[in-house]
Every structure is written in structure tokens, then in C-alpha cells.
Amino acid sequence: MRVFTLFICLLFFAPSAFAQKFSLLKRVFSARKAVEAPVKAPKVSLPKVAAVEVPVRPVKLPNVVPPHVWRAPVVSALTPEIKAVVPHYTSARTALISEVGKVHPAEAHIGASLLEAHNIFTGALIGSGFVVRSGSGRLYAVLSYHVVGGEGNMVHLRVFNEKGEYRDYDRLFVSAAGAFGINSPDSSIVELPLDAADFVKPLHLAKQSPKPGDKLAAWGSPYAVQGLARLDSLRLVNGEGLKLTMQSEHTPFKLDGFCGSPVLNEAGEVVGIIDGFNHDAYHYFAANARFTLPWLIGNYEQNMIPMLEYKLNGRTAFWVSSGESVGEVRLLNARGKVKEKVYLPGYPLPFDPAKLEALFPQAQAGDALELDILRHREVFRTVTVDIGRP
């Protein structure tokens with residue numbers, strides 16, 4: 001009976017199980033793809049490198065000339081009269097310069113007293129300058145504020161010696177600075193490294209201020225000349241306040257790059273620092289060196305910020321600090337309406353910060369002065385001062 005039952009079960013279930021198994025096997029074998037079995041690479045032992053002693057032969061280096069000293073012309077020989085345009089040696093900029101004649105005995109070492117300011121990125125010439133020594137024995141480069149900027153600005157300077165060689169200092173910083181404009185102390189100073197002492201010869205500050213009619217000369221490095229050039233036949237017109245106004249019989253129509261040049265008296269002493277020109281009036285302007293240099297150097301060596309006082313009718317009106325200058329000055333009536341105005345950074349007439357009232361002699365009691373205070377040429381604040389009665 002059991003055998004019969006088993007036979008009946010196999011008869012009914014075996015065909016379906018076999019069919020399912022056959023279908024499953026068909027699907028598996030039809031979808032199977034060839035698979036590459038990984039092959040293990042045999043281990044390779046590399047031979048050890050034997051230590052070899054390589055003899056070191058001493059190499060004798062040739063004598064190398066320091067790269068910071070090069071030959072350069074000290075004085076450019078130009079035509080005695082203004083007859084031709086002198087081209088720049090690297091660009092199309094041109095200018096006319098008066099003749100460089102025989103060097104005055106008091107200026108014999110002028111080549112070792114002057115310097116040039118160069119762009120810190122391109123190396124292009126951007127201005128002139130000179131070297132002075134303070135009472136403490138420190139050496140300073142003197143330049144124009146509007147060329148090199150204020151305290152902390154990086155500068156690239158080129159100084160000269162008496163042989164006409166020059167040395168570059170490309171990572172110096174402005175030590176102290178005045179402010180922008182021909183009626184401000186438009187000058188900056190840079191303390192020079194100690195090794196400059198055996199290379200340059202500083203100029204001396206004049207013992208007395210020049211008087212109207214005095215003959216003066218200026219040395220510098222205008223763009224139009226490869227080397228140094230002398231501007232002579234200068235005569236002082238006015239020396240009131242912080243500004244020297246000079247005139248020349250032979251005034252070049254373009255002298256870019258000359259700002260920062262020293263103005264010398266007949267004794268070869270510094271009386272001014274060139275900071276602007278008025279080609280229409282044939283005037284040159286210079287910061288008064290007898291005020292500017294002691295003011296900058298003295299404050300710097302005493303760790304003080306240079307401050308400049310402005311007065312109205314003998315009374316203190318306000319103060320400005322390093323980098324600040326007076327811009328536009330407006331005369332207001334009692335109702336606040338503008339009667340007159342002047343832009344002081346380019347004001348060519350005589351001006352003294354201690355005599356603000358001289359700007360508007362016709363001012364009346366009840367009027368007021370409104371002054372824009374610039375910081376690096378931009379308006380920073382405004383000051384209003386009542387004129388009142390003197």
C-alpha cells in the first residue's frame with residue numbers, strides 16, 4: 001500500500017518539479033557571462049642597492065659684482081638754449097630743459113646727493129628726491145608726498161654716489177609725511193638703511209630763508225632725461241608761509257618727474273622741495289624746506305604725529321595731521337550763502353596757514369569760513385570758523 005501511494009505521488013509531482021528545474025537552469029545558463037578570474041602575480045624581490053660614496057669636488061665660484069651697483073650718467077649734457085625737444089630714452093614723453101652748465105663748486109657732489117623714486121611694480125621713474133642727515137646722524141630720503149604717499153607706503157628708491165654708480169632700495173617705507181597741495185608741506189621722508197652712509201653725500205639745510213630776488217637752482221630727474229638735470233635761472237618771487245614761489249627766464253613747458261627735487265641757494269644749501277608748476281605764469285612752487293624738514297624729521301624721531309596749526313585773526317582755528325590738508329575754502333555770509341571760494345591745493349597766490357583771513361580781505365564781521373579737510377586728496381571732514389572781529 002505504501003509503495004502504491006509513493007508511486008502515485010511521483011506520478012503527479014515529478015513532471016512539474018522537473019519542468020521548473022529545467023526552466024530555472026535555462027535562464028541561469030542563458031544569462032551567464034564570461035568572468036575573468038583574478039590572477040595573482042608572483043612576488044618579485046628587488047635587489048638591494050649598495051651604498052656608493054660619491055666624492056665631492058670643490059667648485060670655485062667666479063667673482064660676482066654685487067647686482068645693486070651699476071653705472072649711470074650723473075649729468076645730462078643738453079643744449080644751451082631751449083631749441084629742441086629732448087626725447088625720453090624709453091618712451092615718447094618729451095620736455096624742454098635748460099642747459100646743464102658747469103657745476104657750481106658748492107654743488108660738486110650733487111650726483112651723490114640726489115635720488116630717484118621708481119614704481120614698486122614696474123620700476124618706472126615716478127619722481128625725484130635728495131638725501132639729508134638729521135642732527136641724530138640718521139640719513140633720510142626726501143620726496144614729494146603726492147608722489148610716494150603717506151606713512152607706511154612702500155617705496156623703491158635709487159641713490160647715487162660720486163662715481164655715477166647707483167644702488168637700489170626696493171623695500172623701504174615712508175617714515176613720516178606731510179600732505180597734498182602746494183600750500184601744504186607736500187613732502188615725505190624715508191629713513192635710509194645704515195649702509196647708505198658710505199655711498200651718498202647728504203645735502204645741508206640752508207641756515208637762512210631766501211629773500212625775493214635771490215638766485216636759486218633745482219636738480220632732479222625729469223622723465224625726459226636719462227640721468228640728472230639742473231634747472232637754473234630761478235629767482236624767488238615770494239616765500240610767505242609754507243610755499244616758495246619762483247620764476248625762471250627759461251621755463252620748460254613740461255617737467256614731469258621733477259617733483260621732489262631740491263631747490264638750492266648759491267651756497268648749495270637746500271631751501272625748498274619742488275612740488276608743482278604753473279606753466280601759464282611760468283612759476284615753480286616748492287615746499288619751504290626750513291619748515292618742512294625739521295617738522296617732519298623732528299616729529300618722526302620723537303615718535304609724534306606731525307600736526308599743523310591754522311590760525312584766523314591770530315587765534316587757533318583748527319589743526320590738521322599728517323596726510324590732511326585744506327581743500328576748498330568758502331566764504332559764507334551771515335545767511336550761509338557762498339560769497340567766494342578758492343581751492344587751496346592749487347592756489348598760486350601767497351598763503352600763510354597762520355593768516356587765513358588773508359584769503360578773503362573783503363570778509364566782514366558775521367561772515368564765516370567753511371573749509372573742506374582732505375585726507376589723501378579726498379574730502380574727509382568740514383570745518384566752519386566764524387570770522388568775527390579781528
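Which backbone nitrogen does a side-chain oxygen of N288 reach at the start of α3? Select N288 and R290 together: the oxygen comes to within 3.0 Å of the backbone nitrogen of R290.

Before going on, note that this is a predicted model, in which local features need pLDDT of at least 70 and side-chain atom pairs count only at pLDDT 80 or more, while totals for chains, interfaces and linings use all residues. Residues are numbered from 1 along each chain as its sequence is written, and side-chain values use heavy atoms, with hydrogens and water left out.

Colour A289, T292, L293, W295, L296, I297 and N299, the buried residues of the helix (buried means under 20% relative accessible area, exposed over 50%, and partly exposed in between, with a 1.4 Å probe and protein chains only). After α3 comes N303, whose phi is positive, near 55°.

Then move to F173, which is found in strand β8, residues 165–173. F173 is partly exposed, because its relative accessible area is 42%.

Finish at Y347, in the loop between β20 (338–343) and β21 (368–375). Y347 counts as buried because its relative accessible area is 14%. Leaving aside residues up to four places away in sequence, Y347 touches I182, N183, K243, V342 and L359 (contact means heavy atoms within 4.5 Å). Display the C-alpha atoms of Y347 and N183: they are separated by 7.3 Å, although the two residues are 164 residues apart along the chain.

Key: Helices (H or I, at least four residues) and strands (E, at least two) are DSSP runs, numbered from the N terminus. A polar contact is a pair of N or O atoms within 3.5 Å; within protein, one must be able to donate a hydrogen and the other to accept it, and residues adjacent in sequence count only if both atoms are side-chain atoms.
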